Amino acid sequence: MKRLAFIVAFTLLLTVGATAQTLDLNNVLPQTGGTATGRIVQLVGLLTVLSIAPGLLVMVTSFTRFAIAFSFLRSGLGLQTTPANLILISLSLFMTFYVMAPTFDKAWQTGLKPLMDNQVTEAEAFPKIIQPFRDFMLSQVRDKDLRLFNDLAKDSIKTTERATIDLRILVPAFMISEIRRGFEIGFLIVLPFLVIDVIVTTIIMSMGMMMLSPTVISLPMKILFFVLVDGWNMVVGNLIRSYS
């Protein structure tokens, strides 16, 4: 009984101590101005942005062009799983970081770093973070694609000024332009391999070897040709130069 009474008394003391301490959200959340509710909304917004970061990377950077070009390269070589998707995506990702390094640095120095140092508010930092990406997209987007989405947009976001065009118009126009350029580069990559396939098929057919698949001979020839001309160096180098 004494042991039971001790346990009950100890539990009551813990309960009283817990109820005496109230949870103050103003002390838990960062002191960046505004009410606790406002900071919770900001935190939820930040987590949402981080969750869609891969999509943002595809939408406003050079990743799309690289990924499409490498897909065409693998198809042109006739290799189904070599290089693996992980390798191609990783290569595209690091090439994107290489090309976008000046843009990332400018966004960090002008917008993100002052925001983290509490020198500017979120409303002041957002345009400064977005502006380097806007400049990059404007330098690569086609005027035709820009006019298309501008004409289809509502009157409230239409504009005739290229420098101040709304992101809801600029981002899809930029993506369409990148997909088109990726297909153009992919066609130029595939064309030499297509010529090899045609030559090999013609020779095999002229020799009457109907049962022999042209792929058996053309595949090693395409790989040999690609290695001899230092294909990876040429493809990667020209993809990066396409943003100069």
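**Entry 1: the model**
I am working from a predicted model, so please read every value below as computed from it.

**Entry 2: α5 against α9**
I started with helix α5, which covers residues 63-77, and helix α9, which covers residues 167-206. I found their axes 8 Å apart, at an angle of about 25 degrees. Angles under 35 degrees count as roughly parallel, and α5 and α9 are therefore roughly parallel to each other. I also looked up the handedness: α5 passes α9 in a right-handed crossing.

Next I listed who meets whom. From α5 I noted Thr 64, Arg 65, Ile 68, Ala 69, Phe 72, Leu 73, Gly 76 and Leu 77. Facing them from α9 I noted Glu 178, Ile 179, Arg 181, Gly 182, Phe 183, Ile 185, Gly 186, Ile 189, Val 190 and Phe 193. Sorted by class, this contact has eleven nonpolar, four polar and three charged residues.

**Entry 3: α8 against α9**
I then turned to helix α8, residues 143-152, and its packing on α9. Here the axes are 8 Å apart and the angle is about 140 degrees. That makes α8 oblique to α9, because an angle has to be over 145 degrees to count as roughly antiparallel. The crossing of this pair is right-handed.

On the α8 side I wrote down Asp 145, Leu 146, Phe 149 and Asn 150. On the α9 side I wrote down Ile 169, Leu 170, Pro 172, Ala 173, Ile 176 and Ser 177. My tally by class reads seven nonpolar, two polar and one charged residues.

**Entry 4: Ser 177**
Setting aside residues up to four places away in sequence, I found Ser 177 touching Gln 140, Val 141, Arg 142 and Asp 145. Asp 145 was already on my list for the contact of α8 with α9.

**Entry 5: Met 137**
Last, I looked at Met 137, which sits in helix α7, residues 122-140. Its relative accessible area is 1%, so Met 137 is buried. Which residues does Met 137 contact, leaving aside neighbours within four places in sequence? I found Met 59, Val 60, Leu 167, Leu 170, Val 171 and Phe 174. For Leu 167 I also checked the spacing: Met 137 and Leu 167 are 30 residues apart in sequence, and 10.0 Å apart in space from C-alpha to C-alpha.

Conventions:
Residues are numbered from 1 along each chain as its sequence is written. This is a predicted model: local features need pLDDT of at least 70, side-chain atom pairs count only at pLDDT 80 or more; totals for chains, interfaces and linings use all residues. Side-chain values use heavy atoms; hydrogens and water are left out. Axes are lines fitted to C-alpha atoms, for helices over the stretch in contact, and angles run from 0 to 180 degrees between N-to-C directions. Helices (H or I, at least four residues) and strands (E, at least two) are DSSP runs, numbered from the N terminus. Angles under 35 degrees count as roughly parallel, over 145 as roughly antiparallel, 65 to 115 as roughly perpendicular and the rest as oblique. A crossing is left-handed if the near helix is turned anticlockwise from the far one by less than a right angle, and right-handed if clockwise. Contact means heavy atoms within 4.5 Å. Ala, Val, Leu, Ile, Met, Phe, Trp, Tyr, Cys and Pro count as nonpolar, Asp, Glu, Lys and Arg as charged, and the others, Gly among them, as polar. Buried means under 20% relative accessible area, exposed over 50%, partly exposed in between (1.4 Å probe, protein chains only).
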